[in-house]
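Please keep the model in view as you read.

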Amino acid sequence: YAQAEQFLDHLAVICTKTFGPSNILTINTLATLSRAQQRQKKYDIALMTIEKSLVAAPLGPNHPHRLELLVRKAVILWKLGRMGEMEELYWVVARGRVATLGIHHWAAIAAHNSLVDVLHLNNTWEAKKGDAQQLLIDPQVTVSEYESLYRRIIEENRATRDDDHASSDEE
């Protein structure tokens, strides 16, 4: 991991200069660099590196790649014992997944289940379980048309399929 860190650190500098800080190649390089740092237990440095990759959100704040980076950041915060900040990130991820993918998508379900686990871990489940359940009904996140494309397509297909089943049942 030390060799990977050295290589990726150099590559991140090149990517930033060549493509800019908001380019997906730069973001991915920084994300991978933070993983190499994290695996060496360099949590503070890994946190700073992943923060650099999160600053730019070229595909939107609720893009799946960015939400995955937030989960990675939350894991680093957990390693640092910063449980409150970790919980906040799991809320953001769960809201983003539900808003962009809908409540039936496996990634939205997994994000919600992870949030519930974190709430139990932090002993805040009883106080926040109503909010966690409400999140599935109304994530209270505004998403762009691009970010919600998957959810809209799936919901339209589900509605069409349900209509087809209802009309065939009537016959």
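How many nonpolar, polar and charged residues does the lining of the second largest pocket have, by class? That lining has eight nonpolar, three polar and two charged residues, where Ala, Val, Leu, Ile, Met, Phe, Trp, Tyr, Cys and Pro count as nonpolar, Asp, Glu, Lys and Arg as charged, and the others, Gly among them, as polar. Before going on, note that this is a predicted model, in which local features need pLDDT of at least 70 and side-chain atom pairs count only at pLDDT 80 or more, while totals for chains, interfaces and linings use all residues. Residues are numbered from 1 along each chain as its sequence is written, and side-chain values use heavy atoms, with hydrogens and water left out.

The second largest pocket has a volume of about 160 Å³. A pocket here is an open set of points on a 1 Å grid over the protein atoms alone, with protein on both sides within 12 Å along at least five of seven lines; a cavity is a set where a 1.4 Å probe fits but cannot get out, and lining residues have an atom within 4 Å of a point. Volumes are the space filled by probe spheres set on the points, which are joined across faces, edges and corners. Of the 13 residues lining this pocket, L101, G102, I103, H104 and E155 lie nearest its centre. Helix α8 (149–170) gives the most to the lining, with four residues. Helices are DSSP runs (H or I, at least four residues), numbered from the N terminus.

Now turn to the largest pocket, with a volume of about 190 Å³. Its lining includes E5, D9, T26, L33 and K52. The largest share, five residues, comes from α1.

Next come α2 (residues 24–39) and α4 (residues 64–79), which pack at an angle of about 20 degrees with their axes 12 Å apart; axes are lines fitted to C-alpha atoms, for helices over the stretch in contact, and angles run from 0 to 180 degrees between N-to-C directions. That angle makes α2 roughly parallel to α4, a label for angles under 35 degrees.

Conventions:
Helix = DSSP H or I, 4+ residues; strand = E, 2+ residues; numbered from the N terminus. Parallel < 35°, antiparallel > 145°, perpendicular 65-115°, else oblique.
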